[in-house]
Amino acid sequence: MNLYLYLSSKPTFNMNDVNRFYDNIDSARSAVKRLLKQKLVLKIRNNLYTCANGMGPLANRFQIASAITDTSYVSYHTAMEYYGTYNQVYYEVYVSSDTKFNNFEFDGYRYIYVPSKSKIGIINQSNNIKITDLERSIVDCIKNMDKISGIEEIISIIEDSPLLNEEKIRIYLKEYNNQFLYQKVGFLLENIYSASNLSEDFFESCLSHIGKSCRYLTSDYKKGTFNKKWNLIIPDPIYYSKNGELPNEII
């Protein structure tokens with residue numbers, strides 16, 4: 001087996017992987033330099049590479065994100081892209097990791113570091129992708145929507161989400177233990193989520209954790225309608241459905 005065939009069996013690789021082929025670090029480095037010059041290998045960042053073919057890099061952005069550090073994984077709205085809840089491609093790839101790395105660009109995408117806040121809800125896919133599961137991805141997006149996603153993206157995510165496992169959502173809410181998060185998740189899943197598989201007990205559980213503080217659902221809007229149930233000020237535009245009418249239950 002030649003080196004290119006060996007390396008192309010992996011979405012990404014580093015110099016240690018090449019050295020397993022040679023068992024000589026100098027030979028490994030020289031070989032990578034030759035492949036780079038031949039444009040058979042592309043450098044993603046320091047000590048991270050992928051093979052190339054006539055169509056571009058072999059590794060996709062999700063595989064690259066999963067290989068940046070030993071603990072990195074796809075998160076936030078990039079995870080929701082993977083699950084197919086977006087109709088467009090975003091060129092910012094959010095990557096959570098225990099180890100900090102500098103943001104960088106490769107093949108038209110910008111890879112952005114986000115500190116990992118939890119070790120649960122991360123799954124290993126068979127295609128070398130580490131990613132937060134659907135429920136944690138939604139909770140994370142809602143938690144940081146004013147920093148990363150924005151209310152419009154959150155609505156799109158929730159509207160297009162498939163059936164959710166409410167027990168997983170409970171686990172992640174308990175993990176973060178944040179009153180405001182209980183408010184946001186409860187309100188948005190009750191009013192925006194199109195499926196009807198979440199139980200009344202789930203929403204009662206959210207309500208029991210929201211405390212007494214009144215908050216704005218999002219800092220993007222400072223005017224709106226007060227929702228007494230969730231003790232939130234809701235921007236009026238988010239109530240509008242695609243045909244411009246207010247849903248009956250919130251008129």
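**Glutamate 167 has a relative accessible area of 45%, which makes it partly exposed.** Buried means under 20% relative accessible area, exposed means over 50%, and partly exposed lies in between (1.4 Å probe, protein chains only). The model is predicted, so local features need pLDDT of at least 70 and side-chain atom pairs count only at pLDDT 80 or more, while totals for chains, interfaces and linings use all residues. Residues are numbered from 1 along each chain as its sequence is written, and side-chain values use heavy atoms, with hydrogens and water left out. Glutamate 167 meets arginine 170 in a salt bridge, 3.4 Å from N to O. Here a salt bridge is a side-chain nitrogen of Lys or Arg within 4 Å of a carboxyl oxygen of Asp or Glu. The two residues are three apart in helix H9 (residues 166-176), so about one helical turn separates them. Helices (H or I, at least four residues) and strands (E, at least two) are DSSP runs, numbered from the N terminus.

**Glutamate 190 and lysine 229 join their side chains in a salt bridge of 2.4 Å, N to O.** Glutamate 190 belongs to helix H10 and lysine 229 to the loop between strand E11 (225-227) and strand E12 (232-234), so the pair ties together parts that are 39 residues apart in sequence. Glutamate 190 is partly exposed, at 29% relative accessibility. Lysine 229 is also partly exposed, with a relative accessible area of 38%. Elsewhere, salt bridges with shared partners join Glu166, Glu167, Arg170 and Asp201 into one network.

**Aspartate 98 and lysine 119 form a salt bridge at 2.7 Å, N to O.** This pair links distant parts of the chain, 21 residues apart. Aspartate 98 sits in the loop between E5 and strand E6 (104-106). Lysine 119 sits in the loop between E7 and strand E8 (122-124). Aspartate 98 is partly exposed, with 42% relative accessible area. Lysine 119 counts as exposed, at 63% relative accessibility.

**Strand E5 (residues 92-97) has five of its six residues buried, so the rest of the structure largely encloses it.** Two strands pair if DSSP finds at least two bridges between them. E5 pairs with strand E4 (residues 73-74) in the antiparallel sense, over two bridges. Within that pairing, valine 95 in E5 is the bridge partner of valine 74. E5 also runs parallel to strand E7 (residues 109-115), joined by six bridges. Valine 93 stands opposite tyrosine 111 of E7. Tyr111 also belongs to a ring cluster, linked with Phe101, Phe104 and Tyr113 by ring pairs.

**Aromatic pairs number 10 in a search of the whole structure.** The ring centres of tyrosine 6 and phenylalanine 21 are 5.3 Å apart and the planes meet at 35°, so this pair is tilted. Tyrosine 6 lies in helix H1 (residues 3-8) and phenylalanine 21 in helix H2 (residues 15-22), so the contact ties together parts 15 residues apart in sequence. Tyrosine 6 is buried, with a relative accessible area of 17%. Phenylalanine 21 is partly exposed, at 32% relative accessibility. Tyrosine 82 and tyrosine 83 have ring centres 5.6 Å apart and planes at 80°, so that pair is edge-to-face. Tyrosine 82 is partly exposed, with 26% relative accessible area. Tyrosine 83 is partly exposed, with a value of 26%. Rings of Phe, Tyr and Trp (its six-membered ring) pair if their centres lie within 6.5 Å; planes under 30 degrees apart count as stacked, over 60 as edge-to-face and the rest as tilted.

**Lysine 143 places its charged end over the ring of tyrosine 176, 5.2 Å from the ring centre.** Lysine 184 lies over the face of phenylalanine 180, at 4.4 Å from the ring centre. A charge sits over a ring if NZ of Lys or CZ of Arg is within 6 Å of the ring centre and within 35 degrees of the ring normal.

**Helix H8 (residues 151-159) has Ile151, Glu153, Ile154, Ile155, Ile157 and Ile158 as its buried residues.** Their cover includes helix H5 (76-82), helix H6 (134-143), helix H7 (145-149) and helix H10 (179-191). Contact means heavy atoms within 4.5 Å.

**Lysine 147 is part of helix H7.** Lysine 147 counts as exposed, at 71% relative accessibility. Glycine 84 and lysine 147 are 63 residues apart in sequence and 22 Å apart in space, C-alpha to C-alpha.
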